[in-house]
Amino acid sequence: MKKTFKWLNIAQFTGAFNDNAFKMTAAIALVGILGKGSLPTVLAICSILFVVPFLLFSNYAGTLADRFSKRDIIVATKWMEIGILALAIPTLLSRLAWPLYLLLFLLCTQSALFGPAKRGIVPELVKEDELSKANGFLTAATYSAAILGTAMPSLLIGYAHLHPLYAVGCSFLLALVGTFAARRIAHVPAFGTRTKSSPWIIPDVARALKNLKDDPWSRRAIWGLVLLGGIMAFFQQALIYFGQDALHLSIEKSPMLFPLAAIGIGIGALLTGHFSKHTIEVGLIPVGAISVVIGSLGLSLAAAPFWVEFWIVGIGASCGMYLVPINAFLQQRIPKERRGEVFGASSFLSFSAMILASSLFYLLTKKAGLSARSCIFTIALITLLPATIACLRLPNHLVRFWLMRLIRRLYKIRFQGLENLPREGGALLICNHTAYADALILQAATQRPVRFLVSRDVFKSWKWCKPLFKLTDCIPIHTSDGPRALVNSLKEARAAMEAGAIVAIFPEGELTKTGSLMKFNKGFEKIARNSGCPIIPAHIDNLWGSIFSYRHGTPRLRLPFKFHYPVSVQFGKPLPSSTTAEEAQRVIAELGAEHATAQSLCPKNTLSHRFLKQARHNWFRPIASDTLGQKTTYGQLLTGSLLLARQLPSDERIGILLPTSIGCVLANLAATLSGKTAVNLNWTASAAALQSAVEQSGLKQVVTSRRFLQKQTLPELSVQWIYLEELLEKPARFRALCSALFASPKRLAGGRTPQPTDTAAIIFSSGTTGTPKGIMLSHANLLSNLDAVQSITQFGKNDSICAILPLFHSFGYLALLWWPLLKGMRVAYHPNPLQTKRVVRLIREEKLTGLLATPPFCKTICAKPLPKIFKLWEPSLLAAKNFQLNSPPTLKKPFPSVPSKATAALNSPPSPCSAMVSHCPISPSASSIPKPAHPYPTEKTAFYS
């Protein structure tokens with residue numbers, strides 16, 4: 001929101017404050033001059049003088065606002081306010097009554113001239129999608145000013161026993177502040193309309209309404225404001241009567257109920273701004289009207305003080321929710337050159353309704369003799385009329401509002417590219433289709449109703465949603481429809497778009513079963529071709545995995561996995577109507593890739609941040625074990641790795657030469673948490689390959705184990721050996737524990753916050769085709785791959801993994817080290833995948849539910865009897881070539897086929913560097929190691945070779 005709007009809000013706040021403060025000050029001073037017996041007469045005259053200027057001058061003020069710059073009018077009226085308050089000082093000293101009445105009339109005239117310019121300038125100071133929020137602030141500030149302005153004279157004169165001049169002095173200072181703020185408002189152009197205001201007020205009002213004959217919705221909104229003005233005036237008088245008759249308050253204490261209603265209006269106005277992010281939430285109009293009816297009924301029956309206060313605040317909040325969207329709607333809808341005229345006519349009609357409401361209140365109380373509770377009940381009956389009209393006229397907006405409230409409780413939606421959605425005119429919205437909630441999430445992006453093409457199967461199977469589909473004008477369609485039915489659906493969609501509606505279609509034709517983008521159908525081409533309407537591409541991300549997607553089986557109503565499920569929606573730049581299905585699919589895939597890249601480069605998207613959070617939240621949970629007899633929890637693993645990290649050398653890169661075990665995991669965690677690059681060396685490679693890897697990565701020191709070196713024959717390397725046993729025997733466990741519990745990633749990394757683009761690991765090939773090739777993998781590389789794998793597998797916290805691949809293998813490093821640690825899956829390590837019997841025994845002893853390995857090892861292990869809980873094949877093909885394998889007799893059901901996404905995105909030969917390059921760019925610090933490649937953009941960049 002522009003800063004200049006804040007100056008407008010300050011200017012109007014001071015004006016509303018001074019209007020109410022001077023009215024109260026004048027009433028107190030007049031009673032002091034004329035005597036206490038004159039109180040009823042003084043209040044009646046002051047009330048009349050407060051209203052009459054708005055009846056006489058509102059139309060004239062509207063004409064001025066359309067002819068001259070609204071900013072100049074605001075500044076001029078603020079100077080007029082300073083002059084009137086300056087004259088009030090000698091007037092009070094003169095102790096004459098008629099000059100005070102005159103000044104009150106002039107101050108209200110100033111306010112009447114200020115009103116149309118104030119309301120009309122708002123759309124010229126804020127963006128269109130911020131109109132509701134701006135009007136919410138404006139309304140809240142107005143009623144807050146009314147409360148404070150009414151209270152200030154009472155406090156200074158009644159309680160502090162000061163002279164009324166002090167109250168006028170405070171108002172004068174605020175007028176200076178308001179004038180200064182008005183001068184800071186941005187200059188807006190004058191529209192220079194030549195419409196003249198006549199002395200005959202009613203013809204001017206009729207002309208203003210007649211000019212809106214081609215816009216019935218604006219006329220209905222104006223009459224809605226008029227009805228609300230009358231209802232609020234009736235409620236204001238009924239509230240004083242209610243305080244005396246029902247609550248037995250004195251005449252002096254009854255007005256203390258007003259601040260409760262004003263606070264409620266401010267709350268309702270601010271809530272409307274909150275509910276109306278990016279939109280004007282028209283659905284709040286029937287909600288506010290219905291709430292006024294309910295609140296009035298509740299107040300008419302309430303007896304306890306708490307419930308009386310609750311319902312008064314509730315009625316005020318309901319009025320705020322009714323008032324703000326209508327004002328915002330009119331500001332958006334009415335042409336710029338006629339806003340002043342329309343708001344002037346609206347102001348005249350509203351104050352006329354207030355006079356009629358006062359007359360009605362007099363008749364009901366004095367002539368009909370109704371009680372206070374009956375008067376409040378009458379408000380409910382009167383408000384039932386606009387509530388019914390609003391529900392009948394805006395049923396789709398009302399339903400949409402409640403659906404959006406439900407969606408925002410289930411999802412935390414982040415929109416990008418909203419400027420690409422047209423504010424008016426027809427458009428075709430195309431989007432990927434991940435979950436049944438896609439349509440509602442897209443609708444949440446715009447206040448304009450969106451007509452969706454919905455699968456005919458959904459119409460048939462979701463019979464309970466038929467009223468909703470009718471209210472939102474959904475168009476049934478299906479790829480299996482006959483040619484005539486398909487053409488009719490496409491024609492209906494095209495006609496709606498050409499008529500100015502936003503039409504939305506999911507070109508994939510059905511929900512994705514794998515989470516990936518499927519082939520686009522060509523139906524939308526026929527809707528858009530030669531229509532002249534733009535095609536708006538959109539991409540919804542993170543919905544794969546929600547209860548309405550196929551991630552966890554057939555979508556159905558079930559308890560959500562978590563509330564405020566994070567969802568991102570990105571709208572691309574408009575495409576021409578001649579765009580083909582292939583081009584549209586590529587654009588939407590690129591939107592997904594852009595979002596994935598942005599997500600992967602978020603500041604805290606590092607292995608260190610994620611592991612620390614996971615470990616601290618699951619401190620006592622068992623997470624890892626190995627066949628060397630070691631078992632560890634998250635807390636022990638974190639503490640041990642930090643104990644090790646404190647004793648690592650200061651080199652940027654640390655070599656690790658260890659078998660698959662808890663010790664190897666500790667060494668890798670220590671290197672990562674200390675901000676270093678882990679280089680796992682292939683101890684099965686040749687001497688030349690090992691030496692080449694050491695030289696390329698510039699290693700000087702390598703973490704290993706004496707026990708391992710005794711069993712493994714290794715060549716002489718130009719490095720210094722650091723033995724794991726010696727590091728873990730050193731003291732400082734208490735310091736490591738404190739760091740594990742409280743230290744930030746920045747402190748653990750030596751004072752530098754880890755970044756997603758930092759190199760986390762270097763993986764080398766075995767060197768069978770020549771010199772080993774090294775690939776630098778950043779935190780973003782690894783985590784984007786991990787998230788992509790997680791999105792297409794069914795593994796979760798209740799699973800446990802058998803890990804037999806070495807961690808110098810890229811598949812082993814990510815899938816057997818970081819995946820289980822970051823996702824909370826228990827993992828059991830064994831260093832030798834060739835020991836089939838020992839691996840099977842490990843699976844049985846630890847009651848493991850899954851194995852991640854390459855195809856040759858899977859085939860060998862699968863030939864053995866396995867536990868019934870073991871589910872091998874969905875994730876086991878993550879690093880596999882295409883091959884067929886029959887189910888072993890020990891499993892109850894055959895192996896499910898791997899989804900096409902897993903085969904396409906994750907299929908790669910089982911080599912040490914396979915399946916591990918991602919799309920996040922890295923700037924390598926060593927020229928001998930190549931940069932990561934960039935794949936063809938897809939919505940989920942996973943493993944590829």
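Contact here means that heavy atoms lie within 4.5 Å. The model is predicted, and local features need pLDDT of at least 70, side-chain atom pairs count only at pLDDT 80 or more, while totals for chains, interfaces and linings use all residues. Residues are numbered from 1 along each chain as its sequence is written, and side-chain values use heavy atoms, with hydrogens and water left out.

With residues up to four places away in sequence not counted, L260 touches E309, I312 and V313. The C-alpha atoms of L260 and E309 are separated by 6.9 Å, although the two residues are 49 residues apart along the chain. L260 belongs to helix α9 (residues 258-275); helices (H or I, at least four residues) and strands (E, at least two) are DSSP runs, numbered from the N terminus. Burial is judged by relative accessible area: under 20% is buried, over 50% is exposed, and in between is partly exposed (1.4 Å probe, protein chains only). L260 counts as partly exposed because its relative accessibility is 22%.

Helix packing comes next. Two packed helices are described by the angle between their axes and the distance between the axes. Axes are lines fitted to C-alpha atoms, for helices over the stretch in contact, and angles run from 0 to 180 degrees between N-to-C directions. For helix α10 (residues 284-301) and helix α14 (residues 395-410), the axes come within 8 Å and cross at roughly 90°. That makes α10 roughly perpendicular to α14; angles under 35 degrees count as roughly parallel, over 145 as roughly antiparallel, 65 to 115 as roughly perpendicular and the rest as oblique. Where they meet, α10 contributes L284, P286 and V287, and α14 contributes L398, F401 and W402. The residues of this contact divide into 6 nonpolar, no polar and no charged. In this scheme Ala, Val, Leu, Ile, Met, Phe, Trp, Tyr, Cys and Pro count as nonpolar, Asp, Glu, Lys and Arg as charged, and the others, Gly among them, as polar.

Which residues are buried in helix α31 (residues 836-846)? They are T836, R838, V839, V840, L842, I843 and E846. These buried residues pack against the strands β8 (622-626), β9 (631-633), β16 (800-803) and β17 (826-829), and against helix α32 (855-862). Just after α31, K847 takes a positive phi of about 55°.

Charged side chains provide another kind of link. A salt bridge is a side-chain nitrogen of Lys or Arg within 4 Å of a carboxyl oxygen of Asp or Glu. The structure holds 20 salt bridges. One of them joins E498 to R494, with the closest N and O atoms 3.2 Å apart. Because E498 and R494 are 4 residues apart in helix α18 (residues 483-498), they are separated by about one helical turn. An α-helix has 3.6 residues a turn, so residues three or four places apart point the same way. E498 is partly exposed, at 46% relative accessibility.

Another salt bridge joins D758 and R752 (2.7 Å, N to O). D758 is buried, with a relative accessible area of 17%, whereas R752 is partly exposed at 47%. In the salt bridge of D72 with R71, the closest N and O atoms are 3.7 Å apart. Here D72 is partly exposed at 41% relative accessibility, and R71 is buried at 10%. Finally, a network of salt bridges links K522, E525, R529 and E582.
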